[in-house]
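Morning, everyone. Please look at the screen while I talk. I will keep this quick.

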Amino acid sequence: MPVDITIIVIDAPPLITLAAARSLDYLLYPDLPVIIPDAVFFDATNAAGKLGAQEILDWYREHIDAVRVEPTEVFATAQLAAQAGRRLRDLGERAALEVIRSYPLAPHERALLLSDDRDIGRVIVIDPDKLILLTTWDYLRQLEEAQRIQSADGVIEAVRAAGRKPRTRDLWGDHDPEIRDAVRRVIETMHRDRPPKP
Amino acid sequence: MRILTEQRQIEALRDYAAGRLGTRNAMEQAGVEDYAELVIALAQHDLNLPEPPDTPEHRANVERARAILQPRLRHAR
């Protein structure tokens, strides 16, 4: 029986790193479904002008058939908390955990988890036989080994070259309208797909 | 005081680049708000992104991923 594989990007750094190197398409090279928890997507795109933010939004719109931004209860709760002036910590990781837990993997299924946070290892404790944790660097090295890209180092060099002076963090109301629309779409999808609680 | 803060930031960035510090701890200790700013701070101090730690668990993960990815990458479009 063939093994079904999904790539789940469980924190924002892989997206930002690949976007900074204009290499987000590398995520699509294995021809596998790509899932991004909504809070991770928001983390990576929530400030207009931030490194990689616009590239990630454009890339997502171009590949909406292959890339799914997965809605979570955690993110919905955080939106309500934000309206009340509270900011919840570790949102991306908690949303990723929710996504992983809501996808019980069948015996023939595996998930490649892409993360650059070295403290994220505890996530795979949920199902260590089926969850395979990789860093962006590991992933790039596999692409290089398969001769799909010339050099993993070259990608990292491109990221470094993209470094620029950061802007002051914006508040929600100051965000680029396109970003606000993207987040709203995520929330609308969540409400549409999830039945109301009794 | 400012010099001390900058020294602490550089130490945090060096620890992160050397793989001794996780991303979230590095952001907190370097006093940056998110990963984009962390990448920019690394570039400004001529430091590379970290390579993952060489642990048995990590090597096992890479091996399992290689078994899945390599055939797909070689035969994909």
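This is a predicted model: local features need pLDDT of at least 70, side-chain atom pairs count only at pLDDT 80 or more; totals for chains, interfaces and linings use all residues.

Residues are numbered from 1 along each chain as its sequence is written, while chains are lettered from A and ligands numbered from 1 in the order in which they are written.

First, the overview. Chain A has 8 helices and 5 strands. Both are DSSP runs numbered from the N terminus: helices are H or I with at least four residues, strands are E with at least two. Starting at the N terminus, the order in chain A is β-α-β-α-α-β-α-α-β-β-α-α-α.

How many of the residues of chain A count as buried? Of its 198 residues, 43% do. Buried means that 20 or more other C-beta atoms lie within 10 Å of the residue's own; exposed means 12 or fewer, partly exposed is in between, and C-beta atoms are placed from the backbone.

Now contacts. Two residues are in contact if their C-beta atoms, placed from the backbone, lie within 7 Å. Take the contacts in chain A with a separation of 6 or more: 73% of them come from residues 24 or more positions apart.

Next, the strands. Look at strand 2 of chain A, residues 34-37. V34(A) and I36(A) point one way, I35(A) and P37(A) point the other way, and all are buried. Strand 1 of chain A, residues 4-9, runs parallel to strand 2, with 2 bridges joining them. Strands pair if DSSP finds at least two bridges between them. I7(A) has V34(A) as its bridge partner. From strand 1 the chain passes through helix 1 to strand 2 of chain A, and this β-α-β crossover is right-handed. That is, with the strands pointing away from the viewer, the path from the first strand over the helix to the second runs clockwise. Strand 2 is also joined to strand 3 of chain A, residues 67-70, by 4 bridges, again in parallel. There, P37(A) stands opposite E70(A).

On to helix 4 of chain A, residues 73-83. V74(A), F75(A) and A78(A) are buried there. Why are they on the same side of helix 4 of chain A? Because they cover an arc of only 90° around the axis. The arc is that of the directions from the helix axis to the C-beta atoms. L80(A) and Q83(A), on the other side, are exposed. The cover over the buried residues includes helix 2 (38-45) and helix 5 (91-101) of chain A. After helix 4 comes G85(A), with a positive phi near 85°.

Now the partner chain. 38 residues of chain A are in contact with 31 residues of chain B. Helix 1, strand 4, strand 5, helix 6 and helix 7 of chain A each supply at least two residues of that side of chain A.

Last, two loop residues. R22(A) is not a glycine, but its phi is positive, near 50°. This residue is in the loop between helix 1 and strand 2 of chain A. R22(A) counts as partly exposed, because it has 14 C-beta neighbours inside 10 Å. In chain B, D46(B) is also not a glycine, and its phi is positive, near 55°. D46(B) lies in the loop between helix 3 (35-44) and helix 4 (56-75) of chain B. D46(B) is exposed, with 9 other C-beta atoms within 10 Å.
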